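Please read them with the structure open beside you.

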Amino acid sequence: MEEKILDVRGLTVCFQTAKGTIRPVDDVSLTVPRGSIVGIVGESGCGKSMTARAVMGLVRYPGKVTGGSVLLDGREISALPERERRKLRGSEISMIFQEPMTSLNPVMRVGRQVEEAVLLHTDCTREEAKARVLEIFREVEIPEPEARYDCYPHQLSGGLRQRVLIAMAAVCRPKLLIADEPTTALDVTVEAQILSLLERLRDAGVSVLLISHNLGVIARVCDYVFVMYAGRIVEQAGTEALFERPRHPYTRGLFRAVASLREGGDALETIPGVVPNLLHLPAGCSFSLRCASCRSDCERRLPALAETEPGHKVRCFLAEEGGAR
Amino acid sequence: MPGRKRERLENAADLRLQSQLGEEERFWDLMRRMARENKTAVFSFVLIVLMVLAAVLAPFLTPYDENSMDLLHRLSAPSAAHLLGTDEGGRDELTRLLYGARVSLLIGVVPALLSLLLGSLLGVIAGYRGGIVDTLIMRTADVTLAFPSMLLAMVIMYSLGGGIVNVFLTLTLVSWANVARVVRAQTLKLKNSEFVEAARVIGVSKDKIMRRHILPNCLPTLLVLFTLNIPASILTESSLSFLGLGIQPPNASWGLMINTGRQYLYSAPWLCFAPGAAIMLIVLAFNFLGNGLLDVLDPRQKKQ
């Protein structure tokens, strides 16, 4: 079996609100094998980003990680004190965000921002750090790195800024890079460039956990995919298996909701309803409210995440019994 | 020919890029650019420099002594001998204005600077740390603000005694709370911004985030606060002096001069006008200079 860079077991995040406790991340287990790109896909508000934050140890008050463990390269990190975790962030585990426009300090030269990461985690002198920054700028294909080093963020395009952010996250060669919707704010051509950049980072030894709601992005680069719904993982499989044989009604709904140029004709299907309020989740399967194949059983009992074939797990009674419609 | 057109386009893009990168400027280039684009700021700067020079060189600029009385020429109107007239003690108004500038400029700038330092430090800590630290700092600020500032200043001056250093301290203690509040509010906004999050993600410590990411982003606000604090300090000092708690007569400060001149507003209006105009000029000059600096120092506001 391949080595796991990230091994998350039973991760649960609770938010204490005035109206009750909600669990945006509920008993999530996932693994990222070394040298691979693993995707998490799901609608807005299904807990993808919160999972990423919990892994980074950056859940903000009033949220709290209440259970589970996070193993980074075999080492338990979720229980480490903040000081220790901070040392890991940026050096062993790093993250990039959705909004390249606002994720850089507007009054700091971009080179200095990337340099900050180097100076924090190594004993480099300023000159050495600058050299490393220019090197990573070249690696993420920022044209004219020397000139860009002294630019302010507003002087760069969205795509360039995302490259700077990736440079910032990757400059210390972390073992794991979490990319939270890295291409959502970018146009399609730039998206393709950023994705191939992630692939190249993967080849250079940085495993990637890619969070996206865009199935096309997931299909292009991921080796393995987790589908999340209302804080839980509802299906997980190798990318090919998932796209060929989606088992969970929610996953199928997601695929039907993707516009296709080839088939044409039919109106775009949507999944009826919205993600349920996490305060009022049904006792059983959280998708039961919107599921076309829902049975009375579904609303009462929560199906387990069961393996239907090697490497393919589904949280649905119908799939367990040999496949939904 | 599409190929050539494309090449031209790329060249144009290159040029634009060049000019953007060409904006990479050192401090003096920035100043030069400000001089080119903002004449008001330059004028203000010159005015401030002139006032400082006049204050420093006061003994050489006027034949009169600032404190020697000449009771035969009390309250005389402006004339060739006394360009701005004389006050109730027969002292030359221009001379007192020049000497008063020494005190008033110091009183304007030093406490504004000190309260800016103290206020932004406490404000950023309160905003970023939150919790009990926030409560402690901000409730202290609230208590400070709850007292009428004049009363507070009087209490502090009364217990510390007169003298210019104590005036500095007092004015700082009276005005830090406002700065702290504004900076705290900015910090709260900035601390949830994505770039602070991005800094946390690469493992930057709280102290460094406050120093390198939050405070520099508050700078434009701080600059404005600074220019607003200067006149406030000058005016508060004048009230204190009026009450006998600030600068002690016969020494001159602009505020003190206005307050003594007030009694003769109808018979000798120049006694109020001259120092009043001086205060107005210096306040406006600092404001315009602040605006000019803001335009060139904040990279976001650079001209395209």
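1. How many helices and how many strands does chain B have? Chain B has twelve helices and zero strands, where helices (H or I, at least four residues) and strands (E, at least two) are DSSP runs, numbered from the N terminus. Of its 304 residues, 38% count as buried. A residue is buried if 20 or more other C-beta atoms lie within 10 Å of its own, exposed if 12 or fewer, and partly exposed in between, with C-beta atoms placed from the backbone.

2. Some ground rules. This is a predicted model, in which local features need pLDDT of at least 70 and side-chain atom pairs count only at pLDDT 80 or more, while totals for chains, interfaces and linings use all residues. Residues are numbered from 1 along each chain as its sequence is written, and chains are lettered from A and ligands numbered from 1 in the order in which they are written.

3. Contacts within chain B. Two residues are in contact if their C-beta atoms, placed from the backbone, lie within 7 Å. Among contacts in chain B between residues at least 6 apart in sequence, 68% join residues at least 24 apart.

4. The eight-strand sheet of chain A. Its strands form an open sheet with mixed pairing, in the order 6-7-8-3-9-10-12-11; two strands pair if DSSP finds at least two bridges between them. Strand 6 (93-96) and strand 11 (306-309) of chain A are at the edges with a single partner strand each, so one side of each has no neighbour in the sheet. From one strand to the next, the twist averages 25 degrees. Strand 6 of chain A pairs with strand 7 (residues 176-180) of chain A in the parallel sense over four bridges, and I93(A) has L176(A) as its bridge partner in strand 7. Helix 6 (residues 158-170) of chain A packs on this sheet, touching strands 6 and 7, and its direction makes about 170 degrees with that of strand 6. Axes are lines fitted to C-alpha atoms, for helices over the stretch in contact, and angles run from 0 to 180 degrees between N-to-C directions.

5. The four-strand sheet of chain A. This open sheet has the order 2-1-4-5 with antiparallel pairing. Strand 1 (residues 4-17) and strand 4 (residues 63-72) of chain A are joined by eight bridges; R9(A) has S69(A) as its bridge partner in strand 4.

6. Domains of chain A. Domain bounds come from an automatic or database domain assignment, which divides chain A into domain 1 (4-92 + 174-320) and domain 2 (102-173). Their centres, taken over C-alpha atoms, are 29 Å apart. Each domain gives 13 residues to the contact.

7. The nonpolar core. A nonpolar core is a set of buried Ala, Val, Leu, Ile, Met, Phe, Trp, Tyr and Cys residues joined through C-beta atoms within 7 Å. Of the 163 residues in the largest one, A167(A), M168(A), V171(A), L209(A) and L210(A) touch the most other members. Its largest share, 15 residues, comes from helix 5 (residues 93-129) of chain B. Both domains of chain A give residues to this core, so it lies between them.

8. Where the chains meet. The contact takes 31 residues from chain A and 20 residues from chain B. On the side of chain A that touches chain B, the largest share, four residues, comes from helix 3 (110-121) of chain A.
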